[in-house]
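User: I have a structure I have not seen before. Can you walk me through it?

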Amino acid sequence: MLLKFFTLIYRNITIENQILMNTEQSLKEIVREKYTEVANQSKDQNAASCCGCGPTCGPDEDFIGIMAEDYSKLGGYVADADLGLGCGLPTKFAQIKPGDTVIDLGSGAGNDAFVARAETGPEGKVIGIDFTEAMLTKARANAEKLGFNNVEFRQGDIEQMPVNDSVADVIVSNCVLNLVPNKANVFNEIYRVLKPNGHFSISDIVLVGQLPAGLQQAAEMYAGCVSGAIQKESYLGLIEQAGFTNITLQKDREIFLPDSILSTFLLPEEIASFRTSGTGIYSITVYAEKPTASDGSKPSDAVEIEIRLAQPADYESVVSLLKSVGLPTEDLNAKLPDFLLAFANEKLVGSAGVEVNGTVGLLRSVAVQEDFRNYKIGGRLVNDLSKQVRLKGVKDLYLITTTADGYFEKQGYERVERENVPAEITQSQQFSSLCPSSAVVMKKSIEKPKIKLSDLEQVSACCTPNSGCC
Ligand SMILES: C[S@@+](CC[C@H](N)C(=O)[O-])C[C@H]1O[C@@H](n2cnc3c(N)ncnc32)[C@H](O)[C@@H]1O
């Protein structure tokens with residue numbers, strides 16, 4: 001009797017699993033069909049049919065693409081590979097080095113793969129994975145035209161990657177995971193195929209809060225990407241559960257929904273509270289690392305790094321760290337306000353500070369002790385500090401550097417001409433007297449930027465049943 005009871009439970013579980021698997025398979029079939037159609041259309045046709053996440057069908061000249069960002073300025077950009085389907089610039093933030101092996105998940109026609117190839121150089125390797133045959137055909141034709149023999153496109157499902165364990169230094173992906181039914185499987189696979197100490201940079205669409213029902217449906221109609229998007233917290237939680245560390249949001253942009261859309265679903269007073277609620281659709285670029293193997297390929301990698309706010313008592317150690325790497329200390333505020341420090345076994349190994357002046361800040365004293373340069377401590381300090389000073393109202397961070405412009409470019413900083421630097425920065429001691437005039441000035445906006453979503457009416461007009469949309 002007992003045996004029969006368990007058999008029944010087991011049968012129910014397997015039936016449920018079977019239904020779930022069938023649903024997931026059907027969803028994948030729909031995605032594959034949609035992207036077969038997309039692959040056979042031009043970028044303009046994709047835009048006009050509102051498919052994917054590319055620049056939209058709106059005739060409005062001021063219109064900024066729904067989710068896509070401008071790839072054309074990146075080294076290695078191949079126009080034929082850009083079908084306007086991305087929702088970020090993961091490869092720009094991926095910190096790829098010459099010689100790296102990079103995997104691009106859901107590689108489409110190869111947009112990110114070719115940008116990655118420009119960074120790995122001929123001595124590296126790029127593998128694109130996609131399950132849509134028509135996309136692979138396009139991507140392979142592009143690689144052949146370019147004569148690249150180190151860019152390969154493999155057919156496969158990214159929930160079960162056709163790749164051996166621990167082969168990739170870096171993984172990138174652009175607007176793909178939102179389409180995958182079981183995102184946990186993908187993060188587990190990423191963990192498996194990354195080398196210890198490898199990392200990923202992934203752009204994707206996520207939700208924050210519960211969108212009003214009608215609005216969610218409208219958003220899905222507008223951009224196919226939204227339909228499989230999950231809550232941002234759940235997304236980041238899956239990354240953590242898969243075992244990744246140093247999870248960092250490299251970009252976090254809210255997709256701006258204009259009043260003309262919101263007013264279809266919400267009363268004026270509800271729009272006001274929606275605007276301040278934080279609820280919405282976001283395009284994120286998230287970075288994370290696979291920790292070094294605990295079996296210790298390098299014994300010193302087991303060291304735990306503690307990051308905390310600086311206290312006045314830390315002043316002497318900070319001065320000696322900065323001096324050891326040749327950074328100025330003469331103008332250092334002894335109370336170390338807005339400074340974050342990194343410690344290994346209670347020894348100071350890294351620092352970063354911001355001189356806050358209203359809505360602008362000067363990032364300074366970013367230093368990591370030489371033995372600890374492989375732990376990405378600098379990136380963690382700068383990231384955490386940026387979030388902290390944003391809470392104080394800082395919108396733009398500036399920095400002056402003589403040697404690290406390449407590094408900061410990868411962190412999203414852009415060069416600015418000295419005449420465009422605000423007085424709050426030019427009057428700082430670092431700027432006016434301590435750094436040589438040959439030093440490069442860089443800027444990054446740390447405000448949460450918003451991008452515009454066109455009027456829904458335009459969408460309904462162009463999303464016809466045979467347009468390939470949604
Ligand atoms: C929005 S497009 C992005 C393409 C490319 N990353 C780009 O930015 O141009 C999504 C791509 O992911 C692929 N894709 C979706 N789900 C997949 C899965 N489970 N396994 C492999 N590829 C998948 C689709 O075939 C499509 O080419």
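User: Where do we start?

Analyst: Serine 201 stands opposite tyrosine 287 in β7. This is a predicted model, in which local features need pLDDT of at least 70, side-chain atom pairs count only at pLDDT 80 or more, and totals for chains, interfaces and linings use all residues. Residues are numbered from 1 along each chain as its sequence is written, and side-chain values use heavy atoms, with hydrogens and water left out.

User: Which residue in β7 is the bridge partner of threonine 248?

Analyst: Tyrosine 287 again. Strands here are DSSP runs of E with at least two residues, and helices are runs of H or I with at least four, numbered from the N terminus.

User: How many bridges join β5 to β7?

Analyst: Ten, between antiparallel strands, with β5 covering residues 194–208. Strand β6 (residues 245–256) is also antiparallel to β7, over seven bridges. Two strands pair if DSSP finds at least two bridges between them.

User: Is β7 buried or exposed?

Analyst: Ten of its ten residues (280–289) are buried, so β7 is largely enclosed by the rest of the structure. Buried means under 20% relative accessible area, with a 1.4 Å probe and protein chains only.

User: New topic. How many cavities of 30 Å³ or more are there?

Analyst: Two. A cavity is a set of points, on a 1 Å grid over the protein atoms alone, where a 1.4 Å probe fits but cannot get out; lining residues have an atom within 4 Å of a point.

User: What lines the largest one?

Analyst: Of its 31 lining residues, those closest to the centre are Gly106, Ser107, Gly108, Asp130 and Val176. Helix α1 gives the most to this lining, with three residues.

Key. Buried means under 20% relative accessible area, exposed over 50%, partly exposed in between (1.4 Å probe, protein chains only). On a 1 Å grid over the protein atoms alone, a cavity is a set of points where a 1.4 Å probe fits but cannot get out, and a pocket is an open set with protein on both sides within 12 Å along at least five of seven lines; lining residues have an atom within 4 Å of a point. Grid points are joined across faces, edges and corners, and a volume is the space filled by probe spheres set on the points.
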